[in-house]
Amino acid sequence: MLNKKLNELIFPQLNYEYSALEPYIDAQTMELHYSKHHQGYFTNLLNAVKDTELENKSLLEIFENISNLPVAIRNNGGGHFNHSLFWNIMSPDGKRAPSGELLKAIEKDFGSFDQFKSKFEDAAKTRFGSGWAWLSVKKDKSLCVCSSANQDNPLMDVSECKAMPILGLDVWEHAYYLKYQNRRPDYVNNFWNVADWDVIENNYKLALNSI
Amino acid sequence: MAFELPALKWAANSLEPGISAKTLEFHYGKHHQGYINNLNKLILGTAFENATLEEIIMKAEGGIFNNGAQVWNHSFYWDCIKPGGSVLPEGDFSKAINRDFGSFDVFVEKFSAACAGLFGSGWVWLAKNQNGKLEIIQESNAGNPLRQGKTPLLTCDVWEHAYYLDKQNRRPDYVLDFLKIVDWQTVANRY
Ligand SMILES: [Fe+2]
Ligand SMILES: [Fe+2]
């Protein structure tokens with residue numbers, strides 16, 4: 001998706017039912033989040049680049065030059081990529097912990113899987129306002145955890161932790177408010193019950209190959 | 001001295017159907033209270049331990065600014081609204097609205113657009129600048145026009161927590177309902 005021209009992008013299918021991530025993420029939230037919020041970002045992105053030279057660029061190219069582009073492209077381009085990644089790294093019945101090369105890398109860079117989790121949870125819980133928490137692969141192939149505001153992501157030239165994201169957690173209030181209201185920490189802690197480490201490991205492999 | 005949650009001047013269900021009692025229960029009882037609790041913890045042993053909220057808004061950074069401004073902003077927001085609202089009184093303020101926006105309708109249109117267009121969490125303000133001119137200002141997260149030396153007159157909270165239980169993704173519907181309960185008499189008095 002990152003390398004496709006914007007005018008060839010299609011709105012991604014959800015690989016599971018709206019209710020598939022219950023009780024951790026409720027069906028009503030999934031439906032609104034996917035069919036209203038994400039769809040909105042996608043439509044607005046296409047409208048923002050339509051009939052401009054940008055429609056022949058890829059998301060990757062756009063993110064790397066985002067500081068020079070209209071804010072609508074930053075917001076909606078980020079919104080589209082971030083949500084697409086988010087849906088993919090969750091599943092109703094995936095592997096709930098990393099193994100193999102990714103586990104080794106996590107242990108090397110964070111000490112242990114538990115230490116990684118608490119660092120990631122911290123990033124997600126302390127992001128003030130709307131945003132995302134990320135696990136990404138840096139140019140030197142090390143892993144890093146960070147958070148970003150609104151729909152920014154680590155691929156953008158404005159990012160303070162420039163890297164290839166392999167796991168993202170949406171901490172906008174729309175991601176959890178119907179079920180958790182003000183209790184963002186509960187939503188973040190429960191996220192591990194739906195994170196799919198087969199997919200995240202695959203993202204890790206792809207990221208290493210793209211560096 | 002520790003900050004405390006100010007009492008609401010109306011019943012939690014009295015803004016229905018625009019803003020539900022359930023939203024109030026969380027927005028006032030959990031979010032606003034949460035910012036107060038955080039602030040009281042954060043200022044302990046710092047230069048802001050005995051500061052006013054206004055001093056915190058003007059000078060603090062990071063967590064102390066975020067929580068301090070959120071305390072002030074929410075108290076101000078509750079004071080901007082009341083059951084049924086009140087009509088815009090004739091006088092200097094309504095003249096200023098006409099002078100700076102053309103008409104009250106144009107102001108409403110511009111304010112609503114600013115609310116719909118603020119990306120992410122934040123507040124939309126009507127404020128008086130240093131020259132006495134009215135301005136609509138979008139602020140992200142905890143932002144407050146006091147910080148730029150402007151006088152806040154009206155604010156609309158557009159954090160998703162302000163409307164998600166009632167309106168979900170439909171922020172413009174919330175803004176429409178918010179504008180029906182604005183206490184214009186209070187806003188005019190601040191001018
Ligand atoms: Fe989202
Ligand atoms: Fe709020």
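1. Two strands are said to pair if DSSP finds at least two bridges between them. In this predicted model, strand 1 (residues 131–137) of chain A is joined to strand 2 of chain A by seven bridges, and the two run antiparallel. Within strand 2 of chain A, A:Val145 is the bridge partner of A:Leu135.

2. The sheet of chain A is open and consists of three strands in the order 2-1-3, with antiparallel pairing. Its edges are strand 2 (143–149) and strand 3 (164–170) of chain A, each of which pairs on one side only. From one strand to the next, the twist averages 25 degrees.

3. Helix 5 (residues 113–126) of chain A lies across strand 1, strand 2 and strand 3 of chain A, and runs at about 10 degrees to strand 2 of chain A. Helix 8 (residues 197–210) of chain A packs on the sheet, where it touches strand 1 and strand 3 of chain A; its direction makes about 145 degrees with that of strand 3 of chain A.

4. Turning to the contact between the chains, chain A contributes 16 residues and chain B contributes 17 residues. On the side of chain A that touches chain B, helix 1 (27–49) and helix 6 (177–180) of chain A each supply at least two residues. Helix 1 of chain A gives the most, with three residues. By type, the residues on this side of chain A comprise six nonpolar, eight polar and two charged.

5. As to confidence, the model scores ipTM 0.96 and pTM 0.97. Chain B has a mean pLDDT of 97, and 99% of its residues reach 70 or more.

Methods. Residues are numbered from 1 along each chain as its sequence is written. Chains are lettered from A and ligands numbered from 1 in the order in which they are written. This is a predicted model: local features need pLDDT of at least 70, side-chain atom pairs count only at pLDDT 80 or more; totals for chains, interfaces and linings use all residues. Two residues are in contact if their C-beta atoms, placed from the backbone, lie within 7 Å. Helices (H or I, at least four residues) and strands (E, at least two) are DSSP runs, numbered from the N terminus. Ala, Val, Leu, Ile, Met, Phe, Trp, Tyr, Cys and Pro count as nonpolar, Asp, Glu, Lys and Arg as charged, and the others, Gly among them, as polar. pLDDT is the predictor's confidence in each residue, from 0 to 100. Axes are lines fitted to C-alpha atoms, for helices over the stretch in contact, and angles run from 0 to 180 degrees between N-to-C directions.
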